[in-house]
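Reader: Hey, I've got this structure open and I'm a bit lost. Can we go through a few parts of it together?
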Amino acid sequence: MKKIVVLEPGYEHYREEEAILAAFHPEFVVVPANASQETKREQLRDADAVMLREARLDSSLIAALDKCQVIVRYGVGVDNVDLVAAKAKGIYVANVPDYGSEDVAEHALALLLAATRRITSRDHQVHHGQWNIGQAEPMFRMSGKVLGIVGFGRIARCLAAKARGIGFRSLLVCDPLLDAQAAEDAGVVRVSLETLCREADFISLHVPLSEKTRHLIGAEQLALMKPSSVLVNTSRGGLIDETALFHALQNRQLFAAGLDVFEQEPIRADHPLLTLSNVICTDHTAWFTEESVIELQRKAAQEVLRVFEGNKPLNWVNR
């Protein structure tokens with residue numbers, strides 16, 4: 001029997017995982033998000049594997065892992081796991097980078113469209129009896145404009161493919177890992193972040209959060225953007241300096257923003273960004289569709305299975 005501890009449960013059931021790991025007679029122990037650190041440590045002590053979503057697995061909790069072979073993150077970003085501490089204990093850390101790409105890309109595009117067309121503010125106004133408000137505020141056509149994409153991994157490539165149907169004049173990409181041939185093959189133009197901020201009419205962020213990318217978009221970058229530009233973030237909240245973004249939106253330095261992620265989650269009720277009508281907010285839900293949940297649970301369980309069978313994880317992130 002193998003004990004798998006699930007930190008911060010987020011799914012209705014774990015039948016997908018149980019089926020994939022059936023040969024090891026798995027015992028799934030679900031630890032609530034609000035459990036004490038001591039309770040977590042006690043459950044983790046004899047865990048053979050840990051699976052988690054947004055819960056933090058810091059060095060003090062990793063120190064309690066006496067048997068653990070692998071930690072698997074349900075998702076892409078692993079900034080909530082102390083990779084160095086896990087490596088020091090000889091524990092694999094794996095993620096699931098190739099699930100839900102279509103879903104996140106669709107959500108990014110939905111935020112882009114909704115913010116550009118003022119869908120939520122128009123909906124609110126009509127619900128409250130207003131009419132003939134079409135020209136009360138400016139709106140801008142997307143066709144013939146420039147889309148800027150920061151980062152060009154799986155999700156960004158899906159977005160680029162979907163965005164072409166809108167009729168953008170060009171797609172600019174800032175990604176230091178993108179070479180000239182790959183950019184040409186993808187039909188995009190490589191540029192610096194400064195150039196992208198200055199020239200793009202619409203900007204979507206698709207990079208992981210690290211010390212290098214924290215506040216990648218700050219006051220300096222926002223000042224370069226057009227007053228008609230729209231900024232979308234479905235990656236990690238820490239990529240944007242939210243204070244600088246609030247001031248830029250409040251002062252109409254840019255047209256609107258669509259945000260699915262925030263520096264602190266859940267976003268507090270009195271956050272200044274929530275007071276602005278030109279911000280559309282969703283609750284870190286870009287990844288979610290019924291199909292993506294099943295895909296994610298299966299792929300996460302397959303990483304645990306690989307390690308239990310004596311192999312390395314396919315998506316090993318703390319090499």
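Reader: In which sense do strand β9 and β10 pair, and over how many bridges?
Author: Keep in mind that this is a predicted model. In it, β9 (residues 202-205) pairs with β10 in the parallel sense, and there are 4 bridges. Look at F202, for example: V230 in β10 stands opposite.
Reader: Ok, and which helix goes with β9 and β10 in the β-α-β unit?
Author: That's α10, residues 219-224, and the unit is right-handed. The chain then crosses from β10 to β11 through α11 (residues 242-250), in a β-α-β crossover that is right-handed.
Reader: How many bridges join β10 to β11?
Author: There are 4, and the two strands run parallel. β11 covers residues 256-259.
Reader: What about the faces of β10, covered or open?
Author: Both are covered. V230 and V232 are buried on one side, and L231 and N233 are buried on the other. In a regular strand, side chains alternate between the two faces of the sheet.
Reader: What happens just after α5?
Author: R118 takes a positive phi there, about 55°.

Note on methods: Residues numbered from 1 in each chain as written. Predicted model: local features only at pLDDT ≥ 70, side-chain atom pairs only at ≥ 80, totals over all residues. Heavy atoms only, no water. Buried < 20%, exposed > 50% of the residue type's maximum accessible area, 1.4 Å probe, protein only. Pairing = 2+ DSSP bridges. Right-handed = clockwise from strand over helix to strand, strands pointing away.
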